[in-house]
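Please examine the sequence and the model shown here. The paragraphs that follow begin with a single residue, continue to a second one, and then turn to the chain as a whole.

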Amino acid sequence: RNTYEVPGGHREKDEQILDTAKRELKEETGAIDFTIKPICVYSVKGKTRVNENTNDETFGMLYFADIHSFEEIHSEIEKILITDNLIENLTYPLIQPQLIEEAKNRGYL
């Protein structure tokens, strides 16, 4: 891909959602020392990677992480970009800016 994504992913069978958020954050950024807080539940209607039916609704949980340190990562992630500005070239431009705006509205950013 030639776009950027906010770290995220999918819950494994029987995994607690907070544990999913911590695992995905570490896998996708190399974060090893961080605090993580829930912001809100959100939903997406229509066809997604998880949902083949265009009428179904799927739910996600938005978290905010304050990262204190990273380790080197060895994964499919090409690079990590840390910035104070919203990136224009997002993979999911219809949802990610709305989630970032919600984090701002709740005082996390």
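Leaving aside residues up to four places away in sequence, A21 touches I36 and Y63, where a contact means heavy atoms within 4.5 Å. The model is predicted, so to speak of local features requires pLDDT of at least 70 and side-chain atom pairs count only at pLDDT 80 or more, while totals for chains, interfaces and linings use all residues. Residues are numbered from 1 along each chain as its sequence is written, and side-chain values use heavy atoms, with hydrogens and water left out.

A21 is found in helix α1; helices (H or I, at least four residues) and strands (E, at least two) are DSSP runs, numbered from the N terminus. Because its relative accessibility is 16%, A21 counts as buried, the classes being buried under 20% relative accessible area, exposed over 50% and partly exposed in between, with a 1.4 Å probe and protein chains only. Between the C-alpha atoms of A21 and E57, which are 36 residues apart along the chain, the separation is 20 Å.

Helix α1 (residues 17-29) also contains E28. Is E28 buried or exposed? With 18% relative accessibility, E28 counts as buried. Residues up to four places away in sequence again not being counted, E28 touches P7, G8, I73, I77 and I80. For G8, the backbone nitrogen lies 3.0 Å from a polar atom of the E28 side chain.

The view now widens to the whole protein. Its secondary structure consists of 2 helices and 2 strands, which follow the pattern α-β-β-α along the sequence. Of the contacts with a separation of 6 or more, 58% are between residues 24 or more positions apart. Buried residues account for 22% of the 109 residues.

As for overall dimensions, the C-alpha atoms fill a box of roughly 40 × 35 × 30 Å, taken along the principal axes.

The protein carries 13 positive and 21 negative side chains, and the centres of the two sets lie 4 Å apart. Lys and Arg count as positive and Asp and Glu as negative, whereas His and the chain ends are not counted.

Terms used: Charge placed at Lys NZ, Arg CZ, Asp CG, Glu CD. Polar contact = N/O pair within 3.5 Å; in protein donor to acceptor, adjacent residues only side chain to side chain.
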